[in-house]
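This briefing looks at overall architecture and at aromatic ring pairs, with the cut-offs given alongside the terms.

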Amino acid sequence: MGTVLMITVISGCSTLEGGYENSLLSFTIPENWTVDNSNSSDSLASLKTWDNQWIYIQSSDVDPTEIIESYIQNYPVEYPRFQVINLDPVQVDGREGEKLVFKNTAQNDFLLLGPDYISSVIAFSKDNKTYIITSRETLPDNYYSRVEPAVNVVVKSLRIKNSFLN
């Protein structure tokens, strides 16, 4: 007996059980996460959990190193408790990228009294386009137990399709 594949097509995107694909990219959907097809953000793809954890995949014309440097240079101006936790090389779709994990207070914590939150940004280039994977700020326990493992699944499985628009 063969394996039966479940495919749902939503406005040109297909969600295979455990995987997602559109005209630009494909990746494995982490366990307990879903792809958000509301198109409410400027993302190429967005993933979410039932309790509002988010991962976004976006594209840019800015060099990956510049994106990471802008976080490191500009965030401390707006958020004095900003702190780099890790800055490491990472492989995404056979390309060398950079992964920045940082600590901060919540974006609406103007008095800087709240707890620390953790976020991550991964930037890499393919076919003269930069791709950015970001996670929304979350408490440290949540980041390390749920968000980072999900980001790692996406990073390991992400494939950018060849573009003829360059």
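The model is predicted, so local features need pLDDT of at least 70 and side-chain atom pairs count only at pLDDT 80 or more, while totals for chains, interfaces and linings use all residues. Residues are numbered from 1 along each chain as its sequence is written, and side-chain values use heavy atoms, with hydrogens and water left out.

Architecture
- The protein has two helices and twelve strands, defined as DSSP runs (helices H or I, at least four residues; strands E, at least two) numbered from the N terminus.
- Of the 166 residues, 42% count as buried (under 20% relative accessible area, with exposed over 50% and partly exposed in between; 1.4 Å probe, protein chains only).

Aromatic pairs
- Ten aromatic pairs are counted, the rule being that rings of Phe, Tyr and Trp (its six-membered ring) have centres within 6.5 Å, with planes under 30 degrees apart stacked, over 60 edge-to-face and the rest tilted.
- Tyr71 and Tyr75 are stacked, at 5.0 Å centre to centre and 20° between the planes, and both lie in helix α1 (residues 64-78), four residues apart.
- Tyr71 counts as buried because its relative accessibility is 18%, whereas Tyr75, at 21%, counts as partly exposed.
- Phe82 and Phe102 form a tilted pair, because their ring centres are 5.2 Å apart and their planes at 40°.
- This pair links distant parts of the chain, 20 residues apart, and both Phe82 and Phe102 are buried.
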